[in-house]
Amino acid sequence: MAIRHLGYACICMSLGKSVSTNRSTVLRTFSIERASSLALSNAQDLKKILEWNTKNGIKFFRISSTLFPFMTHESVGYDFKELPLHVQIAKALKDAGTVARKHGIRLNSHPGPFTILASPNKKVVDATIRDLEMHSLVADLIDNDESETPFNINFHMGSDYGDKKEAAKRYVENLDRLSPAARKRVSVENDDKGKLFSVRDLHELIYQKSGVPIVFDVHHHQFCTGGMKDVDASKLALKTWGKGVPEIHYSESRTIHNSTLEKDEKIRPTAHSDYITGRIPDYDGTFDVMVECKAKDLAILKYRSKYFAYDVPDECCGAIV
C-alpha cells in the first residue's frame, strides 16, 4: 500500500465539545491571565485527543493554530514565557508529544489564509513571520523532531499578486527571515484557483529555489492543474520530500454529496464535503493522507470501515490507519 496513515485536522468529533484545543477569547476581554488559562486547557486536551487517536489507530493529526490565544496579535501579542502558567503548559505539551512519539503519530500544523510569506505588504509579512514562529514553538514544545516524521508547518502561497514569479521570489527571500527551526519545517501546498499556484508552479518557482517540499492536495488540483494529470502532479510533489514521508491532502466537493446542493449556486465546487465516498488514489510511493472533511475523525472511521472492514484495530497489521 502506498498510503501509510490517514489523519484529520484539529477537532475530535468523537470526544465532543468538552475536549478542545481551540479555546480562545475575544480581543475586548483579553488578558494574559485568561490566555494562559485557556492555553493550558488546550494543551491538556491535546494529549486526550492523541490518546483517543492511539486507541483508534489514527496516526496523523493536525494541531490547531489557536493553542495560544492572540499570541501573535500585533497589539496584545506575547512571548511564551510571559504566560503565568508557561511551565505547566510546557509540561502538558511535552506529555502530548510523548504520546505521539511512543505511538508513532505524525503531527503538523496548517496556518490560515492570512499567513502569506509572498505578500508585498511588510505588515502582512511581519505578521506571517510571527505566526510561523509560533507554530514552530509548538513543535519545539511538543519535541517531535526526533520522530520518524518531523513536524511540518504547511500553508499556501496566498496570492500571486498579479505576478507569480515576483510573488515566488518574495516568498523565497522571506524564508531567510525565519529562524532555522521554523525554516526547516515549512512546506507549501497547491492552490484551488486556476490563476494561482499549481504543483508545477510550486516545483519550478519554490522547490527548485528553496528546497521547500510540496504538499499535494488532490481536491485542489482539479481546479488548478498546471496542465498536469493528478498522477503526474503527485509524482512531482512526492519527490520533493526526499527521504521524508510526504503528505497529501484528500477531500471531495461538497456539491457531489447531496443532490440539493448541486442545484445551489451558493455552494462552491471547491467546498469540502463532510465525508468522502470515493477511494483515495493509490499513487506511487509511500505517503500520509490528511483527510480534510468536515466530519473529521468520523470521516476516517466511516471511510476505513467501508474500504478496510474494521473499526478499532489493536495493531495496524499492514492496513491503512
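1. Helices (H or I, at least four residues) and strands (E, at least two) are taken here as DSSP runs, numbered from the N terminus. On that basis the protein chain holds 10 helices and eight strands.

2. The model is a predicted one, in which local features need pLDDT of at least 70 and side-chain atom pairs count only at pLDDT 80 or more, whereas totals for chains, interfaces and linings use all residues. Residues are numbered from 1 along each chain as its sequence is written, and side-chain values use heavy atoms, with hydrogens and water left out.

3. The eight strands form a closed barrel in the order β1-β2-β3-β4-β5-β6-β7-β8, with parallel pairing, where two strands pair if DSSP finds at least two bridges between them. From one strand to the next, the twist averages 30 degrees, with axes fitted to C-alpha atoms (for helices over the stretch in contact) and angles running from 0 to 180 degrees between N-to-C directions.

4. Of the contacts in the protein chain between residues at least 6 apart in sequence, 75% join residues at least 24 apart. Of the 321 residues, 52% are buried, that is, under 20% relative accessible area, with exposed meaning over 50% and partly exposed in between (1.4 Å probe, protein chains only).

5. Ile-11, in the loop between β1 (3-9) and α1 (32-55), counts as partly exposed because its relative accessibility is 36%.

Definitions and conventions: Contact = heavy atoms within 4.5 Å.
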